[in-house]
Amino acid sequence: MRVLGLETTCDETAAAVVRLSEDGHGEILANEVLSQIAEHAAYGGVVPEIAARAHVEALDHLIDRALAQARLTLDDLDGIAAAAGPGLIGGVIVGLTTAKTLALVARKPLLAVNHLEGHALTARLTDAIGFPYLLLLVSGGHTQLIAVKGVGDYVRLGTTIDDAIGEAFDKVAKLLGLPYPGGPEVERAAEGGDPDRFALPRPMLGRPDANFSLAGLKTALRLEAERIAPLTDADVADLCASFQAAVVDVVVDRTRVGLRLFREAAGHPTAVVVAGGVAANQTMRRALQRLAAEAGLRLLAPPLPLCGDNGAIIAWAGIERLRLGLVDDMTVPARARWPLDAGRDEAGEKA
Ligand code: KG4
Ligand code: ZN
């Protein structure tokens, strides 16, 4: 079984081919990703209209490259998958309409994948783990703790009530004069900094629900930065280290509560999985590793190229759906909003 996967929900244009081998393992035959970071850098964040146009310009070419890399033609495929949301609607429409067109022309099944489901199922591509497991999804757009009980069977245990964690890293970088995207920059600056110099708040710590809040932390950091301005490089390093330490404390505490809620909702997890762009953060990974070990569980983090947005995670989710016969028809809509635990029939924008 071989599936093409398209990803266009944010600022990465991506096309990949993944194969399901006889023994049930996934194999990535091609994974072409074109980041639009340069196009958006001047604005300090993703500009939806620029993103949609860039997807239109790049996608056909990336599909050609992915098929060439996999040494396949459209005829050789068993399905065409695209992320149908949630995301910036202009971009989502580009990917989904392209997938519909290819599916019609090549007479292949269409698989409309929830982008979050792509992240949620990645650990089954890389580590072949069984259900159920706890997923911590941390990216520029999402911060969620999810019980992954099966394909299409998800329970959201917690989410952010304001900013996503990656977004908070990006905003902090911006206010400290560091380039976009901010996460890697803040992590690098934090390496030489003192995490104890600024006593920043740990929002939601100790609360019995598993929700997150980042806005107050970001504001507290801004006030500290304003108080000691002008900032030296050492100040920036200390601010980054203190911010990262606070975020990591919050993530560990929220994930610990998430594990407790998981056991009530879904029984014993097979593992703790962390995914999304922020999962690249090494300090966070180490802290989560300790937490998982405490709970007697494995921490699985997909390799860095599969942490962020890419086509292989969409193709793999497409394979998981196709093998269960969960195919879509041409009326499936593009959705700006699409919670993972909502039904598939909720109204969305038409593609
Ligand atoms: O999953 P992703 O590539 O795109 C989506 O948002 O869907 O995640 C990108 C986010 C950005 O906010 C970026 O700043 C953050 O992940 N990020 C990091 C690190 N690397 C990327 N945040 C903290 N530490 C990092 N090392
Ligand atoms: Zn993503």
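1. Helix 5 and helix 6 each supply at least two residues of the shell around ligand 1; helices (H or I, at least four residues) and strands (E, at least two) are DSSP runs numbered from the N terminus. Helix 6 gives the largest share of this shell, 4 residues. Ligand 1 is surrounded by 18 residues, the closest being Gly140, Asp170, Gly183, Glu187 and Gly277; a residue is near a molecule if one of its heavy atoms lies within 4 Å of it.

2. The model is predicted: local features need pLDDT of at least 70 and side-chain atom pairs count only at pLDDT 80 or more, while totals for chains, interfaces and linings use all residues. Residues are numbered from 1 along each chain as its sequence is written, chains are lettered from A and ligands numbered from 1 in the order in which they are written, and side-chain values use heavy atoms, with hydrogens and water left out.

3. An oxygen atom of ligand 1 lies 3.1 Å from a backbone N or O atom of Gly166, and a polar backbone atom of Val278 is 3.5 Å from an oxygen atom of the ligand. In the side chain of Asn281, an N or O atom is 3.0 Å from a nitrogen atom of ligand 1. On its own ligand 1 has 560 Å² of accessible area, of which the protein covers 88% (Shrake-Rupley method, 1.4 Å probe).

4. Which residues coordinate the zinc ion (ligand 2)? The donors are His115 (NE2), His119 (NE2) and Asp309 (OD), at 2.1 to 2.2 Å. Donors are N, O and S atoms within 2.8 Å of the metal (3.2 Å for Na, K and Ca), and sites may look incomplete, as water is not among the atoms. Their spacing along the chain is H-x3-H-x189-D. His115 in helix 4 (residues 115–127) and Asp309 in the loop between helix 10 (304–307) and helix 11 (311–322) are 194 residues apart. His115 counts as buried because its relative accessibility is 3%, and Asp309 counts as buried at 18%; buried means under 20% relative accessible area, exposed over 50%, and partly exposed in between (1.4 Å probe, protein chains only).

5. The largest nonpolar core has 49 residues, of which Ile165, Phe243 and Val247 touch the most other members. Such a core is a set of buried Ala, Val, Leu, Ile, Met, Phe, Trp, Tyr and Cys residues joined through side-chain atoms within 4.5 Å. Helix 8 gives the most to this core, with 14 residues. Not counting residues up to four places away in sequence, Val247 touches Ile165, Phe169, Leu214, Leu217 and Met284 (contact means heavy atoms within 4.5 Å). A second, separate core of 34 residues includes Leu20, Ala83, Leu121 and Ala312.

6. Leu121 lies in helix 4 and counts as buried because its relative accessibility is 0%. Leaving aside neighbours within four places in sequence, its contacts include Phe131, Tyr133 and Trp316.

7. Backbone geometry deserves a check. Most residues other than glycine have a negative phi, and most peptide bonds are trans. Cis peptide bonds join Phe131 to Pro132, with omega about -5 degrees, and Ala229 to Pro230, with omega about 0 degrees. Ala128 has a positive phi of about 50 degrees and Met204 one of about 75 degrees. Ala128 is found in the loop between helix 4 and strand 6, and Met204 in the loop between helix 6 and helix 7.

Technical notes. A polar contact is a pair of N or O atoms within 3.5 Å; within protein, one must be able to donate a hydrogen and the other to accept it, and residues adjacent in sequence count only if both atoms are side-chain atoms.
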